Amino acid sequence: MAVSETYISLLVMAGTILITATCRRWNRQYMYNKPSGYCFFLELFGAFQVCACTQELCLLADLPPKPQMALTLTYIFTVLHGLTLPDSVTNPSSSFQLLCKGDIRAKTWLLQTSAQFTGAVLANVYVRSLSEVIPNHSKALAAHCNNPIQTSIGNAFILELLFSFLFHMSLLQFESTSDRIKVHLIALLITVLVYEGGHLTGAIFNPALAFSLHINCFSEKFWDYVLVYWVAPCVGSVMVFILWDEVLPLLQGRT
């Protein structure tokens with residue numbers, strides 16, 4: 001990848017974060033007294049930023065030295081997402097876990113999930129539009145399915161479920177940690193998961209992000225991708241809820 005293209009991608013990601021910050025400020029000023037609208041746009045803008053920046057990060061995957069540079073950028077931008085998107089869930093499997101735990105009502109879950117997928121689609125349109133107007137930036141989105149699954153569907157399902165389980169279990173473990181430290185711990189975890197499973201499934205464990213990154217694959221191999229990138233993360237997040245809120249208290253009560 002040329003140096004100029006690298007700078008373009010970094011500038012696009014920085015610009016995307018600034019755009020999202022502006023939109024979130026508008027949401028606080030004009031929608032805060034309208035809970036449904038505020039919730040919807042909070043998730044939409046958060047998912048938009050994560051999906052758009054991740055698509056740009058994919059362009060930088062081959063930067064030398066490999067894979068150190070790509071992993072470093074993954075860590076840095078995950079930290080930035082954590083710092084700039086407070087209160088946003090951005091992950092439908094996390095919203096599904098909150099629903100199962102009873103922390104949010106069905107209406108809020110529907111709002112969050114629909115907003116997350118809307119943000120994912122808008123990010124796809126946004127990056128595609130940029131690729132048409134910015135020179136040397138035409139590879140941001142493949143015109144066909146660039147299959148990220150490099151193993152069997154069964155193995156991919158287990159891997160995405162495991163990634164989601166580890167991610168959500170860690171979120172619970174980090175609940176009592178200060179926010180400044182928590183964002184770095186989460187970023188480190190995500191970077192490790194990407195390193196371990198990125199070459200097999202992409203290590204996405206976020207249904208909205210998977211849809212935005214591989215929307216053409218969903219149209220070509222819909223059920224396989226739904227199973228791996230939608231069902232598996234949701235099952236993993238619910239397994240954490242069952243273990244944390246049901247099994248562990250039961251075991252502790254017997255000791």
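F45 counts as buried, at 11% relative accessibility; buried means under 20% relative accessible area, exposed over 50%, and partly exposed in between, with a 1.4 Å probe and protein chains only. This is a predicted model, in which local features need pLDDT of at least 70 and side-chain atom pairs count only at pLDDT 80 or more, while totals for chains, interfaces and linings use all residues. Residues are numbered from 1 along each chain as its sequence is written, and side-chain values use heavy atoms, with hydrogens and water left out.

What does F45 pair with? Across the whole structure, a search finds 19 aromatic pairs. W26 sits in helix α1 (residues 3-31) and F45 in helix α2, so the pair ties together parts 19 residues apart in sequence. Helices are DSSP runs (H or I) of at least four residues, numbered from the N terminus.

Leaving aside neighbours within four places in sequence, T54 is in contact (heavy atoms within 4.5 Å) with L209 and L213.

Next, follow α1 to another helix. The axes of α1 and helix α3 (residues 68-84) come within 11 Å and cross at roughly 10 degrees. Such axes are lines fitted to C-alpha atoms over the stretch in contact, and angles run from 0 to 180 degrees between N-to-C directions. That makes α1 roughly parallel to α3; angles under 35 degrees count as roughly parallel, over 145 as roughly antiparallel, 65 to 115 as roughly perpendicular and the rest as oblique. L10, M13, I17 and R24 of α1 make the contact with L73, F77, L80 and T84 of α3.

Helix α6 (residues 153-173) and helix α7 (residues 179-197) have axes that come within 11 Å and cross at roughly 170 degrees, so α6 is roughly antiparallel to α7. Where they meet, α6 brings F163, L166, F167, S170 and L171, and α7 brings I186, L189, I190, L193 and G197.

Key. Rings of Phe, Tyr and Trp (its six-membered ring) pair if their centres lie within 6.5 Å; planes under 30 degrees apart count as stacked, over 60 as edge-to-face and the rest as tilted. Helices (H or I, at least four residues) and strands (E, at least two) are DSSP runs, numbered from the N terminus.
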